[in-house]
Amino acid sequence: MSITRRELLQGAAIGGAGLVVGKVAFGGDATTTGDTALSGDVGKIAAERGLLDEDVIHAVKTFVAPGKPSMDSHLLFASGGHSGQILVMGVPSMKLMKVIAVFTPEPWQGHGYGADSSDLVMAAGTSAEGGAVSASRPKLGWGDTHHPALSETGGEYDGRWIYINDRANGRIAMVDLRDFKTKQIFDVPNLETSHGGCFVTQNSDYVHISTMQPTLTDRSKAESLITDYKNVMRGYSTFMAINQTTGRMEQERSFQIELPPYTQDLADSGKLVSDGYAFINSFNTEMAFGGNMEGRPPMEVGASKNDFDMMHIINWKLAEQVIKDGKFEMINGMRVIRLDVAVAEGVLHFVPEPKSPHGVDVSPDGNYLCVGGKLDPHVTIFGFDKILAAIESKDYEKLDEFGVPVLKFDSCVAGRVEVGLGPLHTQYDDKGYGYISLFLDSAVAKFSLGEPYFSGEEAFKLVDTLKVNYNVGHLVAMEGDTVKPDGKYLVALNKWSIDRFPVVGTLKPQNFQLIDLTGEKMELLSDTPIGIGEPHYVQSIRTERIKSWEVYPAGTNPLTMELDPNAVADGGQRVERTGTTVEAWMTVMRSQFMPDTLHVTKGDKVIVHLTNVEETPDATHGFAIPRYNINVSLDPGECATVEFIADAEGAFAMYCTEFCSALHLEMQGWMLVSV
Ligand code: RUQ
Ligand code: CUA
């Protein structure tokens, strides 16, 4: 849908674009209102609201009329930052559709309040072998979601699963897109924190994550971080194998590659010509670790000394072979290829990258790697063909202090484009352009790639810049990470929103700005405040690729997506006592629980199997015993189990938390706990 300003003002092409003009007259009336060229009712309303012509055009380009949800051509899956969740939004409407509960308990969906399906997922995510949690504060009650990764087939999104990393604790979660629920949280061994990823390989064989701050390899020697950083700290690049039926990560088939204790930053997967490779940026090759009170420079100074840091080039297909050959060590339950082995086997190479780099993003054809150096005004564009040739001819500049061969910078660079200050992350459209965020300039720069997209004078050129407001981090173009981007729209994820929205307290919302990519110049269409968390990265997918279920087959446990053996059919109800265990099989439907009264003795173990027997989409019921902190959400067809000890006596109200019918308030019951 692309309407020029002229067409819109003339009322032409609108029907063809699928928009209904109805009573609104464009250009039908000769009189204009104020200094707008819009006429009739539209001109009048625009003038009253202080809107300019282009504002109206932008509104028409992004408005989704009531009852026409299909007009959102794409969905965004945005990280929710340290809210620990994923936000689902429509494009171009930019409306929030859903918050998917991931690392943090979320009461609306009953995530983490007693149901087996979410409690088990959350508990499993805190048990890495070799991991440590405080005994006095043992529960990881939050995560810091950063980089979502949609599953891919042949480098295109397939709408099966989405993975996201927990920057805080080095975990990865898997969300099943059949029901938009979190099915697995995996605490990756040997990772204290994470950043590099998530990305999936082009056929979702693996989901990748690497360390951010490196890991202390011997927990019992904390002070050796100060005295012996270079030897006791290590980074890890992790390839978590994905089960192709369930989407779950499988530790036994996964592996890690040990890395020097630099700070591994963003990473991306090779695709097409570079399939089988992974690329991880790093900074702090200085190996600074702060200590300003002890006379050492603060981290920001210590880590910014070198003119070049090192992009890690990992040949993971070769690493698979090294693992097969048994050249690994088991560390905390994970198969690890040691650094010296990775070097000897040719799994790991470095190429210098300028000035504290941040994003590395692989182009749709797989050949270009665009790197933004936070302290360098250029985007540096590496050619994978050049990198491969340099590896093959051993075109090394030197070996770094860990023995890793460093390829010659000049041999690997395809082009450099001066784009502006603070370049970070690159996205791609369908025409061979890259779009890079400029944090310091608060802008987006559009530049051209080289062959086969552009050649000669036209290649590697800055072609447009657009101001955004303000302090932009990531960008997302529609399917802009895939082998076939859609172009059309770009979203800038701005960290600050000064003056853009009404003041809603001292913490202001962040600002997503929607940008039209269909014209020659980028055009800002809308601002959207994000009231939940600090989104870091977003992936976008064509709406039609999502084939979510609307109701579960009766009695489905979301954890297995199969019939739960404890599900009851319509109207079934049963209570059994064995010793001090009371087990109930309960039917949940409009507008009652069956049974609705539970008699237990103080100290009993209570197990309740709940089945929502509804077959109507949206007929979700809740099951809460508030004073026991139990709050379960049961979607139509869903079966869940709650288990607890009845350790407080009294008559406890049970009720349904969703307004499910006219007699929703009547949907309640009692748990009677006697001594
Ligand atoms: S990065 S701070 Cu995605 Cu620019 Cu995490
Ligand atoms: Cu069921 Cu309200």
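Modeller: Let us begin with one pair of residues: in strand β31, the bridge partner of Leu493 is Phe512. Please keep in mind that this is a predicted model.

Colleague: How many bridges join strand β30 to strand β31, and in which sense do the strands run?

Modeller: Six bridges join β30, residues 487-494, to β31, residues 510-516, and the two strands run antiparallel.

Colleague: What is the order of the strands in the open sheet that holds them?

Modeller: The order of this sheet of four strands is β29-β30-β31-β32, and the pairing is antiparallel. Its edge strands are β29 and β32 (523-530), each of which pairs on one side only. From one strand to the next, the twist averages 20°.

Colleague: Which helix lies across β30, β31 and β32?

Modeller: That is helix α3, residues 53-62, and it runs at about 65° to β32.

Colleague: May we read a second sheet in the manner just described? In what order do the strands β19, β20, β21 and β24 stand?

Modeller: These four strands form an open sheet in the order β19-β20-β21-β24, with antiparallel pairing. The edges are β19 (357-362) and β24 (413-418), and each of them pairs on one side only. Neighbouring strands of this sheet are turned against each other by 20° on average, direction ignored.

Colleague: Over how many bridges do β21 and β24 pair?

Modeller: Strand β21, residues 378-383, and β24 pair over five bridges in the antiparallel sense. To find one position in the model, look at Phe382, which stands opposite Val413 in β24. Helix α10, residues 384-392, packs on this sheet and touches β20 (368-373), β21 and β24. The direction of α10 makes about 55° with that of β21.

Colleague: Let us turn to aromatic rings. What describes a pair of them?

Modeller: A pair of aromatic rings is described by two values, the distance of the centres and the angle of the planes. In this structure the count comes to 19 aromatic pairs. One of them is formed by Phe239 and Phe255, with 5.3 Å from centre to centre and 20° between the planes.

Colleague: Why is the pair of Phe239 and Phe255 called stacked?

Modeller: The pair is stacked because its planes are 20° apart, and planes under 30 degrees apart count as stacked. The pair also links distant parts of the chain: Phe239 is in strand β11 (residues 233-242) and Phe255 is in strand β12 (residues 249-259), 16 residues apart.

Colleague: Which strand gives the most to the lining of the largest cavity?

Modeller: Strand β4 gives the most, with five residues. The strands that each supply at least two residues of this lining include β4 (145-153), β8 (196-200) and β13 (263-269). By class, the lining of the largest cavity divides into 11 nonpolar, 11 polar and five charged residues.

Colleague: How much space lies in the largest pocket?

Modeller: The largest pocket holds about 940 Å³ of space. Of the 36 residues that line the largest pocket, Lys98, Asp179, Phe180, Lys181 and Asp635 are the closest to its centre. The elements that give two or more residues to this lining are β3 (96-100), α4 (116-124), β7 (181-187) and β42 (630-634). The lining of the largest pocket has 17 nonpolar, nine polar and 10 charged residues.

Colleague: Finally, let us read the backbone. What is the phi of Phe180?

Modeller: Phi of Phe180 is near 55°, a positive value in a residue other than glycine. Phe180 is in the loop between β6 (171-176) and β7.

Colleague: Is the peptide bond from Val91 to Pro92 cis or trans?

Modeller: The bond from Val91 to Pro92 is cis, with omega near 10°. Pro92 has its place in the loop between β2 (86-91) and β3. The peptide bond from Gly197 to Cys198 is also cis, with omega near -5°, and Cys198 is in strand β8.

Conventions
Residues numbered from 1 in each chain as written. Chains lettered and ligands numbered in written order. Predicted model: local features only at pLDDT ≥ 70, side-chain atom pairs only at ≥ 80, totals over all residues. Heavy atoms only, no water. Pairing = 2+ DSSP bridges. Axes fitted to C-alpha atoms, helices over the stretch in contact; angles between N-to-C directions. Contact = heavy atoms within 4.5 Å. Nonpolar A, V, L, I, M, F, W, Y, C, P; charged D, E, K, R; others polar. Phe/Tyr/Trp six-rings, centres within 6.5 Å; stacked < 30°, edge-to-face > 60°. 1 Å grid on protein atoms, 1.4 Å probe; cavity = no way out; pocket = protein on both sides within 12 Å on 5 of 7 lines; lining within 4 Å. Points joined across faces, edges and corners; volume = space filled by probe spheres on them.
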